[in-house]
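Dear colleague,

Please find the structure below, handed over for your records. My notes on it follow.

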Amino acid sequence: MPGILNIETSTTVCSVALTCDGIVIFNKEDHEGPSHASVLGGFVNEAVDMARIKDIPIDAVAVSCGPGSYTGLRIGVSEAKGLCFGWNKPLIAVSTLELMVCHVMFSKMLPENALFCPMIDARRMEVYSAIYNWALEPLKPVSADIIDERSYQELLDAHLVYFFGNGADKCKEKITHPNARFIDGVVPLASDMLALAERSFRQQKFEDVAYFEPFYLKEFVATTPKNKLF
């Protein structure tokens with residue numbers, strides 16, 4: 001299995017993980033941010049030093065590609081692209097929402113018919129969200145949603161839906177359906193990128209280093225007012 005340097009900067013949390021053979025070899029997190037510009041380079045240097053000590057080749061760099069903080073994503077993607085250029089290694093993009101689902105799947109005992117709704121705060125009553133099943137298939141694609149009492153009604157009528165992420169707390173008073181469940185404390189972390197990054201490596205699903213940008217900038221900028229981006 002490949003050695004992958006994983007970078008996650010989509011929220012106020014900054015994290016870096018070195019993974020190999022399905023194991024997290026090194027992990028560093030800063031939850032006091034946003035301070036990505038000052039801590040990310042140091043975390044990467046520590047991960048690279050660990051790779052040298054453990055004699056682990058770094059075969060690719062994976063970066064969380066959003067949705068999330070404009071500034072945070074730009075810092076993480078710029079760092080990842082610079083490493084890929086310098087090392088001549090492939091770049092892997094990992095969905096922020098999907099990696100949050102992986103964390104919940106692997107850490108919680110939940111019903112088999114449950115659905116997962118990760119939420120990234122987009123200020124006011126708006127969130128970036130999607131809804132996935134256990135196969136990580138999107139039953140609702142990624143979108144910028146304004147939350148009200150009717151949000152996700154159809155899926156909630158048929159399934160338990162677990163909501164989590166830094167956008168979920170403010171939705172508790174609005175989403176009161178009996179099938180709605182909320183999980184606190186879930187933030188996107190580089191260590192949770194392992195399975196998704198290794199899958200992309202096996203499938204040779206790499207990004208164009210020269211032109212890659214966090215996807216939400218292109219997908220949502222036309223429909224989301226500029227003052228909602230952060």
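This is a predicted model: local features need pLDDT of at least 70, side-chain atom pairs count only at pLDDT 80 or more; totals for chains, interfaces and linings use all residues.

Residues are numbered from 1 along each chain as its sequence is written, and side-chain values use heavy atoms, with hydrogens and water left out.

Helix 3 (residues 96-107) and helix 5 (residues 194-202) pack with their axes 8 Å apart, at an angle of about 120 degrees. Helices here are DSSP runs of H or I with at least four residues, strands are E runs of at least two, and both are numbered from the N terminus. Axes are lines fitted to C-alpha atoms, for helices over the stretch in contact, and angles run from 0 to 180 degrees between N-to-C directions.

N133 lies in the loop between strand 7 (126-132) and strand 8 (138-146). Its relative accessible area is 16%, so N133 is buried (under 20%; exposed is over 50%, partly exposed in between; 1.4 Å probe, protein chains only). The N133 side chain reaches the backbone nitrogen of A135 at 3.0 Å.

Two peptide bonds are cis: G33 to P34, with omega about 10 degrees, and G66 to P67, with omega near 5 degrees. Phi is positive at D21, near 55 degrees, and at R124, near 50 degrees. D21 is partly exposed at 47% relative accessibility, whereas R124 is exposed at 61% relative accessible area.

Yours sincerely

Definitions and conventions:
A polar contact is a pair of N or O atoms within 3.5 Å; within protein, one must be able to donate a hydrogen and the other to accept it, and residues adjacent in sequence count only if both atoms are side-chain atoms.
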